[in-house]
Amino acid sequence: MNEFGYFPPVAQLLNLGETNGCDPDCWPDYLAMGFAAEHVSELTRMATDARLDHCYSDRPEVWAPIHARRTLGQLRAASSAERLLAHLASRLEDDIDDSTMEELPVVLGMFGEPIIPQLVKFIKRRDLGCDIRAAGARALVEVGQRSPDSWPQCVAALAELLENFTQHNPTLNSYVINDLVELKAIETLSLIERAYQADAVDVSIIGDFEEVEVTMGVKARRVNLWPVGHFWGISDDRPSNTMVDGGYLYAQHRKNQRTAKAKAKARRKQQAKQSQQSRRRR
């Protein structure tokens, strides 16, 4: 047994080190490492082990929870969903790394239709932060895309959440609209339009309603261009009514997002390192 109390074959995940992208097609074949249903309990413990999350960033063990979650996904271990969601709910948004927010919905989506009721309950929790609820909503998209028979349930759950757009942060509404767009849920367009009309959507995330129509395929192309300084947080010294091509604005928005995420990630790593040093001095 190692210092974290894990036994083979789960213990080998402690030494795999840095992971690659969030695309499951790029993941290692964890099942070929000897994992099976009897290891789900210990894998779930590793996937939610806060000690590993707070290891020094240069130690391979800090990546172990990610490997454990991926293994659970490949095992289709739906029984682990409750603890994974509880772990996510217990975290502060500023303390969650990008890989968790981006990859956990993918893992949950691999569990399929059985976890839809848990996801529906999760995204309705008003005590959770916007990004955390959005991660749960994103998991519904993953389920709907991977299990076509469950698509109606996933769309219905997301639409029900959006129905309360006046009670939500516009950022959450925008994430949910983006999810519905990705699921090509054309039947929800009237609901989405109402949210826009109520000024309950953050256009810096999803764009305006016309962009939704184009992406959904109900409109061939945009009729109107976007005004500078209104969409995606782009501003310059031109008059506010100047119109520019949306592709430029979106590219700038994505660049700003990547920069902000990189700075936030570096800040979290520094905070974790300082926390470790502080504990060692005690």
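Author: Buried means under 20% relative accessible area, exposed means over 50%, and partly exposed lies in between, computed with a 1.4 Å probe on protein chains only. This is a predicted model in which local features need pLDDT of at least 70 and side-chain atom pairs count only at pLDDT 80 or more, while totals for chains, interfaces and linings use all residues. Residues are numbered from 1 along each chain as its sequence is written, and side-chain values use heavy atoms, with hydrogens and water left out.

Reader: What makes helix H12 largely enclosed by the rest of the structure?

Author: Helices are DSSP runs of H or I with at least four residues, strands are E runs of at least two, and both are numbered from the N terminus. Helix H12 covers residues 209-216, and six of its eight residues are buried, so it is largely enclosed. The buried residues are Phe 209, Glu 210, Glu 211, Val 212, Glu 213 and Met 216. After H12 comes Gly 217, with a positive phi near 90°.

Reader: Why is Leu 85 called buried?

Author: Its relative accessibility is 5%, which is under the 20% limit, so Leu 85 counts as buried. Leu 85 belongs to helix H4, residues 81-90. Leaving aside residues up to four places away in sequence, Leu 85 touches Leu 108, Gln 118, Leu 119 and Phe 122, where contact means heavy atoms within 4.5 Å. The C-alpha atom of Leu 85 is separated by 9.9 Å from that of Pro 105, 20 residues apart along the chain.

Reader: Why is H7 called roughly antiparallel to H8?

Author: The axes of helix H7 (residues 130-146) and helix H8 (residues 151-162) come within 8 Å and cross at roughly 155°. Because angles over 145 degrees count as roughly antiparallel (under 35 as roughly parallel, 65 to 115 as roughly perpendicular, the rest as oblique), H7 is roughly antiparallel to H8. These axes are lines fitted to C-alpha atoms, for helices over the stretch in contact, and the angles run from 0 to 180 degrees between N-to-C directions.

Reader: Which residues make the contact of H7 and H8, and how do they divide into nonpolar, polar and charged?

Author: H7 contributes Arg 133, Ala 137, Leu 140, Val 141, Val 143 and Gly 144, and H8 contributes Trp 151, Cys 154, Ala 157, Leu 158 and Leu 161. They divide into nine nonpolar, one polar and one charged. Here Ala, Val, Leu, Ile, Met, Phe, Trp, Tyr, Cys and Pro count as nonpolar, Asp, Glu, Lys and Arg as charged, and the others, Gly among them, as polar.

Reader: How many disulfides are counted?

Author: A disulfide is a pair of cysteine sulfur atoms within 2.5 Å, and by this rule the count is zero. Cys 55, at 8% relative accessibility, counts as buried, and Cys 154, at 0%, also counts as buried.

Reader: What makes Lys 184 partly exposed, and why is Asp 199 called exposed?

Author: Lys 184 has a relative accessible area of 43%, which falls between the two limits, so it is partly exposed. Asp 199 has 66% relative accessibility, which is over 50%, so it counts as exposed. Lys 184 lies in the loop between helix H9 (170-182) and helix H10 (189-197), and its positive phi is near 55°. Asp 199 lies in the loop between H10 and helix H11 (203-206), with a positive phi of about 55° although it is not a glycine.
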